[in-house]
Amino acid sequence: MAYVICEPCIGTKDASCVEACPVDCIHSTDADPQYYIDPNTCIDCGACEPVCPVNAIYAESDVPAEWQNYIQINADYYNK
Ligand code: SF4
């Protein structure tokens, strides 16, 4: 399992999660619309979730129905 960054990150990109992550698995570039979590590196510690000011981050099992596609969107970012 992994944590997943969903739609609220778009237009926000606060990046507090990047500082909180102990394994440096949250990435983006200026050209990307949001931040993404690498599911193969995430250790499920949960440190990123409470620091997000827009509640964009969920454990994979808790991703709301309307944002289920973000599970794949986060994974695909690292499979380019
Ligand atoms: Fe990083 Fe932990 Fe969040 Fe995974 S759950 S992205 S390891 S801070």
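Let me begin with a term: a contact, or touch, means heavy atoms within 4.5 Å. What I show is a predicted model, in which local features need pLDDT of at least 70 and side-chain atom pairs count only at pLDDT 80 or more, while totals for chains, interfaces and linings use all residues. Residues are numbered from 1 along each chain as its sequence is written, and side-chain values use heavy atoms, with hydrogens and water left out.

I start with I43. This residue touches P22 and V23, not counting residues up to four places away in sequence. I43 sits in the loop between β3 and β4 (57-59); helices (H or I, at least four residues) and strands (E, at least two) are DSSP runs, numbered from the N terminus. Is I43 buried or exposed? I43 is exposed, because its relative accessible area is 52%. Here buried means under 20% relative accessible area, exposed over 50%, and partly exposed in between, with a 1.4 Å probe and protein chains only. Between the C-alpha atoms of I43 and P64, 21 residues apart along the chain, the separation is 21 Å.

I turn to the chain as a whole. The protein chain contains two helices and four strands, and from the N terminus on its elements run β-α-β-β-β-α. The radius of gyration is 11 Å, close to the 12 Å that the globule rule gives for 80 residues, so the protein chain is as compact as a globular protein of that length. That radius is taken over C-alpha atoms, and the rule is 2.2 Å times the number of residues to the power 0.38. The C-alpha trace spans about 25 × 25 × 25 Å along its principal axes. Of the 80 residues in the protein chain, 39% are buried. Among contacts between residues at least 6 apart in sequence, 68% join residues at least 24 apart.

Next, the helix α2 (69-77). Which residues of α2 are buried? They are Y70, N74, A75 and Y77. These residues lie on the same side of α2, because they cover an arc of only 160° around the axis; the arc is that of the directions from the helix axis to the C-beta atoms. The cover over the buried residues of α2 includes β1 (3-5), β2 and β3.

D32 counts as buried because its relative accessibility is 15%. Leaving aside residues up to four places away in sequence, D32 touches K13, Y77 and K80. Two of these partners deserve a word. K13 is placed in the loop between β1 and α1 (16-20) and counts as partly exposed, because its relative accessibility is 23%. Phi of K13 is near 45°, a positive value in a residue other than glycine. K80, in the segment after α2, counts as exposed because its relative accessibility is 76%.

Finally, the ligand. Which residues come nearest to the ligand? Of the 14 residues around the ligand, they are C21, C42, C45, G46 and C48, where near requires a heavy atom within 4 Å. The shell divides into twelve nonpolar residues, one polar and one charged. In this count Ala, Val, Leu, Ile, Met, Phe, Trp, Tyr, Cys and Pro are nonpolar, Asp, Glu, Lys and Arg are charged, and the others, Gly among them, are polar. Thank you for your attention.
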